[in-house]
Amino acid sequence: MNYHNITKDDMLNGEGLRVVLWTAGCTHCCDGCQNPQTWDVAGGLEFDKNAENELFEALNQDHISGITFSGGDPLHPFNRDEVIRLAKKAKEMLPSKNVWLYTGFLWEDVKDCVDLTNIDVLVDGEFQKELNDNNLHWVGSSNQRIIDVQKSLKENKVIEYCKP
Ligand code: SF4
């Protein structure tokens with residue numbers, strides 16, 4: 001897997017202050033995408049041991065609420081296994097931290113074929129320029145849903161995340 005950046009103290013991509021892993025690779029080609037440089041799966045840098053250590057060191061800070069996987073698309077088929085492994089590791093090593101994941105796929109596309117056991121919140125759907133609203137929290141366009149993954153899996157229907 002390749003990645004473009006690891007940002008720390010991010011306030012825009014989920015609740016609280018977060019560490020964000022920006023993965024490389026996206027096939028959605030949304031009109032108006034702000035990060036087209038992330039579409040190439042071979043772009044950026046290899047996500048190696050040093051990057052993984054950097055990620056987990058940043059996550060293991062008291063003021064950090066959790067980790068967000070973004071991109072690109074963390075659920076690009078090329079990234080899925082690695083991202084799901086990292087989510088599992090985060091929950092095992094640092095169970096007090098929450099895990100958010102942004103994807104251009106819909107919940108319905110991934111719920112049965114991706115192991116979402118270790119994801120707390122999934123923000124789904126492609127960016128739709130005509131539905132762009134800068135007043136929205138955590139999403140770029142109003143079609144995107146902020147999904148409580150564990151409740152949705154349990155009840156077998158989409159349950160939107162509510163701020164605790
Ligand atoms: S899913 Fe995200 S990264 Fe991919 S094209 Fe759409 S807005 Fe850009």
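Student: How do the residues of the shell around the ligand divide into nonpolar, polar and charged?
Tutor: This is a predicted model, in which local features need pLDDT of at least 70 and side-chain atom pairs count only at pLDDT 80 or more, while totals for chains, interfaces and linings use all residues. Residues are numbered from 1 along each chain as its sequence is written. With Ala, Val, Leu, Ile, Met, Phe, Trp, Tyr, Cys and Pro as nonpolar, Asp, Glu, Lys and Arg as charged, and the others, Gly among them, as polar, the shell divides into 5 nonpolar, 6 polar and 2 charged.

Student: Which residues come nearest to the ligand?
Tutor: There are 13 residues around the ligand (C-beta, placed from the backbone, within 6 Å). Those that come nearest are C26, C30, C33, G104 and F127.

Student: Which residue in β2 is the bridge partner of I6?
Tutor: β1 also pairs with strand β2 (residues 18-23), in the antiparallel sense, over 5 bridges. In β2, the partner of I6 is L21.

Student: What does the C-alpha trace span along its principal axes?
Tutor: The trace belongs to a chain of 164 residues. Along the principal axes, its span is about 40 × 35 × 30 Å.

Methods. Pairing = 2+ DSSP bridges. Helix = DSSP H or I, 4+ residues; strand = E, 2+ residues; numbered from the N terminus. Buried ≥ 20, exposed ≤ 12 C-beta atoms within 10 Å, placed from the backbone.
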